[in-house]
Amino acid sequence: MSRDKETMTNRDPGMNRQITRRDFVGGVAIAISGSIAWRWSEANAPTNAYPPLRTGMRGSHEGSYEVAHQMRDGAGWDNPEETGEDYDLIVVGGGLSGLASAWYFREANTDARILILDNHDDFGGHAKRNEFWLGDRMILSHGGTENIQDLTRYKAAGRRLLQSIGIDVARYPEFHDASVYKSHELGRSVFLAKESFGTDRLLTGEGVPSWRGFFAKTPLSENAREELVRLHESDVDYLEGLSPKEKVEILQKTSYETYLQETVGISSEAVSYLWRSSTWAIGLDAISAWVATGEGWPGTAGLGAFDQIEAGAVPTEKSLFCQFPDGNATIARLIVRSLIPDVAPGNTLDDIVAARFDYSALDSADSPARVRLNSTVVNVSHLGDPRSADEVEVSYVQGGRAYRVRGRQSVLACYNASIPYICDELPAAQKKALSQAVKAPLIYTNVLLRDWNALARLGVRYARCPGSYFETVRLTDPVSIGDYRHSCAPDEPVVLRMNRAPLDPRLRGRPASDQWRAGRAELLTTTFETFEMKIRDQLGRMFSEGGFDAARDIEAITVNRWPHGYAYGHDPETGQFAWMLDELPPERSPWIAARKTFGRIAIANSDATADAMTEGAFEAAQLAVETLVSR
Ligand SMILES: Cc1cc2nc3c(=O)[nH]c(=O)nc-3n(C[C@H](O)[C@H](O)[C@H](O)COP(=O)(O)OP(=O)(O)OC[C@H]3O[C@@H](n4cnc5c(N)ncnc54)[C@H](O)[C@@H]3O)c2cc1C
């Protein structure tokens, strides 16, 4: 299906609906009349004090980052109040790496007293749960970390953790009901926006019935259409005559954009149709043609087999995938419940998804393991000479006041780049290595729709939207576990996910770290209202022909902004991303020097393995705890 559309300016997107929005400023709920972030049956829903239920601006929410930024800008917190608390382990950061650190430490010391400190109002780091209610129905999505992409990439310790908390990836087909969308013939589509392609056009069934027929419906020039048809239909080896090893070397060094334009020889108009940046948080100007080959992107099919070449970026045939209704927040919740059983009833994967957590049990003096939220750590240091000290002290700021706790050991599972500010006593060379980590920013938005009739009419389950504000739009995966039931008919509520990598097109071609820093600044200055307007505008333009009405159909919006998103490591010699290459020698892997245990302080977080995935977060945790336990 193709169509031309007017822009949103002629329609009412619903920005002025007089319904209550609850936002959180510094952790305090305020009601704002006007645009919505929140709408549900108050009678049936749990209270908004429950962090997973909070809507509006989430992820790096107001109140979570200000202290860290003050620390970066030179602020100090003298004379923190003594809590008198003493732990065996203090973990900085309650993301999957910090939680896994606590889990591995407790595995080795069953009676250990552990404190986990995190600056957010919820645990899980990127692995956050977004929970909505409509009437008496719970509707879930993930705020960040989405899935177990491939269990075969997890090391033995990571698999042991997953298995021990009750995750059996082989059960995924039992939870996932592919027929939900298939029975309504929903598929992949492409939305070309007026700003980039001259007219708004939604094209359903990418490549259907043929590539030629599909591209004939696009507003692209005749030349670009021909180029794209050839690119999709042919299996030309554009590096013919080279050995597999030579090909890999070239593909790793060449961006996919350069490969398309210079090796394949297609126009920039055709490249703009193929543009994507939200999968890896970087555009085609920075992603290598080698990764594109692993992903099977157009123009790589004829390059031949690379079986003998080891490269992490190319997925294996036997990938073992698993996704939960709230993403890897299920993993975070399972770990927290295993550390603090009073937090929720049950002990299986089947009873975790619908379980209501008692957040007041997270930080109880009666529990050997505690999770303390809204607490930004500002200092970690040894009590005495790091070579002989028996203890460390950790200061954190909560509600504007600084507190001090003591521990026998500490794991810093926060961000590498922030560690030099927190831990001044580290050697200068290690601080330098830590500072080299720059995380990539991302925005994951969840839009609660009262039904998906419009998408069913149009046949859209997923849309790639090159050139639009949100680059991908997709319905949540139909996964049901235990008492939790995913939407199974178009009349039922569902979450629509909209992802964006905040990259300024004017910075294309510049080093990715520069683009990410600029994107991070954009993220912190973009208001929720702007996001809401962009969401309503884009969805209206994409789906109104199917009967979608943004003012009527959108029930709630949660924007998860992640200024410090994916962990990336790069080769300091070439600037190339580590995970796009074969193994690098240690001297060209700064994260190895960065994660060196210093006295009683070890370093985890996915930065420590330069691996953005959960398996990297687990491996970093296991390595950190191993060094502490073996002391
Ligand atoms: C949008 C998004 C989607 C993703 N999707 C996937 C996916 O599908 N599969 C996958 O495997 N991986 C995915 N990832 C990668 C994800 O980063 C890892 O899987 C994993 O969740 C990272 O865990 P972590 O503990 O290393 O880091 P984080 O989750 O960042 O946790 C670190 C925590 O430390 C806190 N912290 C930092 N400084 C301080 C301080 N001074 N005091 C107290 N606390 C502090 C942070 O705020 C944060 O809560 C995704 C990442 C993002 C951003």
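Guide: Start with a definition: a residue counts as buried when its relative accessible area is under 20%. Keep in mind that this is a predicted model.

Visitor: What makes Ala 281 buried?

Guide: Ala 281 has a relative accessible area of 0%. The cut-off is under 20%, so Ala 281 is called buried. Ala 281 sits in the loop between α11 (268–274) and α12 (289–295).

Visitor: What is said about the phi of Ala 281?

Guide: Its phi is positive, about 65°, although Ala 281 is not a glycine. Most residues other than glycine have a negative phi. Ala 610 is another such case, with a positive phi of about 50° and again not a glycine. Ala 610 lies in the loop between β21 (601–603) and α22.

Visitor: Is Ala 610 buried or exposed?

Guide: The relative accessible area of Ala 610 is 7%. Buried means under 20%, so Ala 610 is buried.

Visitor: Which peptide bond is cis?

Guide: The bond from Val 208 to Pro 209 is cis, with omega near 0°. Most peptide bonds are trans. Pro 209 is in the loop between β10 (201–204) and α7 (211–216).

Visitor: Which residues meet where α2 and α22 touch?

Guide: From α2 they include Leu 96, Ser 97, Ala 100, Tyr 104 and Phe 105, and from α22 they include Ala 617, Phe 618, Ala 620, Ala 621 and Val 625. By class, the contact of α2 with α22 has eleven nonpolar, four polar and no charged residues.

Visitor: Why is α2 called roughly perpendicular to α3?

Guide: α2 and helix α3 (residues 156–164) pack at an angle of about 85°, with axes 11 Å apart. Roughly perpendicular covers 65 to 115 degrees, so α2 is roughly perpendicular to α3. Ala 100, Trp 103, Tyr 104 and Glu 107 of α2 meet Ala 157, Gly 158, Arg 160, Leu 161 and Ser 164 of α3. The residues of this contact of α2 with α3 are five nonpolar, two polar and two charged.

Visitor: How does α2 pass α13?

Guide: The crossing of α2 past α13 is left-handed. The axes of α2 and helix α13 (residues 329–339) come within 10 Å and cross at roughly 35°. Residues of α2 in this contact include Leu 99, Ala 102 and Arg 106, and those of α13 include Ile 331, Ile 335 and Val 336. The contact of α2 with α13 has ten nonpolar, one polar and one charged residues.

Visitor: What gives the most to the largest nonpolar core?

Guide: The largest nonpolar core has 101 residues, and Phe 123, Ile 148, Ile 167, Ile 331, Phe 357 and Phe 618 have the most contacts inside it. α2 gives the most to this core, with seven residues. Ile 331, leaving aside neighbours within four places in sequence, is in contact with Leu 96, Ile 148, Leu 162, Ile 165, Ile 167, Phe 324 and Phe 618. A second, separate core of 48 residues includes Ile 266, Ala 281, Tyr 444 and Ala 512.

Visitor: How do you know that Ala 620 counts as buried?

Guide: Ala 620 has 2% relative accessibility. The limit is under 20%, so Ala 620 counts as buried. Ala 620 is in helix α22. Among the residues Ala 620 contacts, beyond four places in sequence, are Ser 97, Ile 603 and Ala 608.

Visitor: What makes Pro 493 count as buried?

Guide: Pro 493 has 12% relative accessibility. Buried means under 20%, so Pro 493 counts as buried. Pro 493 lies in the loop between β18 (472–475) and β19 (494–500). Not counting residues up to four places away in sequence, Pro 493 touches residues including Leu 134, Arg 137, Leu 448 and Asp 451.

Key. Residues numbered from 1 in each chain as written. Predicted model: local features only at pLDDT ≥ 70, side-chain atom pairs only at ≥ 80, totals over all residues. Heavy atoms only, no water. Contact = heavy atoms within 4.5 Å. Helix = DSSP H or I, 4+ residues; strand = E, 2+ residues; numbered from the N terminus. Nonpolar A, V, L, I, M, F, W, Y, C, P; charged D, E, K, R; others polar. Core = buried A, V, L, I, M, F, W, Y, C linked by side-chain atoms within 4.5 Å. Buried < 20%, exposed > 50% of the residue type's maximum accessible area, 1.4 Å probe, protein only. Axes fitted to C-alpha atoms, helices over the stretch in contact; angles between N-to-C directions. Parallel < 35°, antiparallel > 145°, perpendicular 65-115°, else oblique. Left-handed = near helix turned anticlockwise from the far one by under 90°.
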